[in-house]
Amino acid sequence: MLRVGIIGFGGMGMKHFGCYDVLHDAEVTAVADVRADGLKPGAASMRINIGEGSVTIDADRHKLYSDPDDLVADPDVDVV
């Protein structure tokens, strides 16, 4: 299983999150964004110019970081 970290949880970050969420051999394990209000568990659904996102942060499944460097240093993340 490939463990994915996403830096930036705006429109494109949510889109990437949704793409990884449907793969059987990858899972998002961590998300970083400097905007703390963008990382509230349970919140996140955004329409962007390439379609709708409907991803949801789950504090039990996803580590949340306000500093991207902390996500990069996380040993539970294989790719960012």
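The side chains of Lys63 and Asp74 come together in a salt bridge, with 3.2 Å from N to O; the term stands for a side-chain nitrogen of Lys or Arg within 4 Å of a carboxyl oxygen of Asp or Glu. Lys63 sits in strand E5 and Asp74 in the segment after H2, eleven residues apart. Helices here are DSSP runs of H or I with at least four residues, and strands are E runs of at least two, numbered from the N terminus. Asp74 is buried at 6% relative accessible area, while Lys63 is partly exposed at 35%. Buried means under 20% relative accessible area, exposed over 50%, and partly exposed in between, using a 1.4 Å probe and protein chains only.

A word on where this comes from: the model is predicted, with local features needing pLDDT of at least 70 and side-chain atom pairs counting only at pLDDT 80 or more, while totals for chains, interfaces and linings use all residues. Residues are numbered from 1 along each chain as its sequence is written, and side-chain values use heavy atoms, leaving out hydrogens and water.

Back to the charges. Lys63 and Asp74 belong to a salt-bridge network that also takes in Arg3, Asp76 and Asp78. Within that group, Arg3 bridges to Asp78, their closest N and O atoms being 2.8 Å apart. That pair links strand E1 to the segment after H2, across 75 residues. Another salt bridge joins Arg61 and Asp21, at 3.9 Å between the closest N and O atoms. Arg61 lies in the loop between E4 and E5 and Asp21 in helix H1, so this pair ties together parts 40 residues apart in sequence. The whole structure has six salt bridges.

Now for the sheet. Three strands form an open sheet in the order E1-E2-E5, with parallel pairing; two strands pair if DSSP finds at least two bridges between them. E1 and E5 are at the edges with a single partner strand each, so one side of each has no neighbour in the sheet. E2 and E5 pair over three bridges, and Ala32 stands opposite Tyr65 in E5.

Thr29 lies in strand E2 and is buried, at 12%. Its contacts (heavy atoms within 4.5 Å), leaving aside residues up to four places away in sequence, include Arg3, Arg61, Lys63 and Asp76.

Finally, look at Val80, in the segment after H2. Val80 is exposed, with a relative accessible area of 55%. The C-alpha atoms of Val80 and Ile6 are 5.7 Å apart, though 74 residues separate them along the chain.
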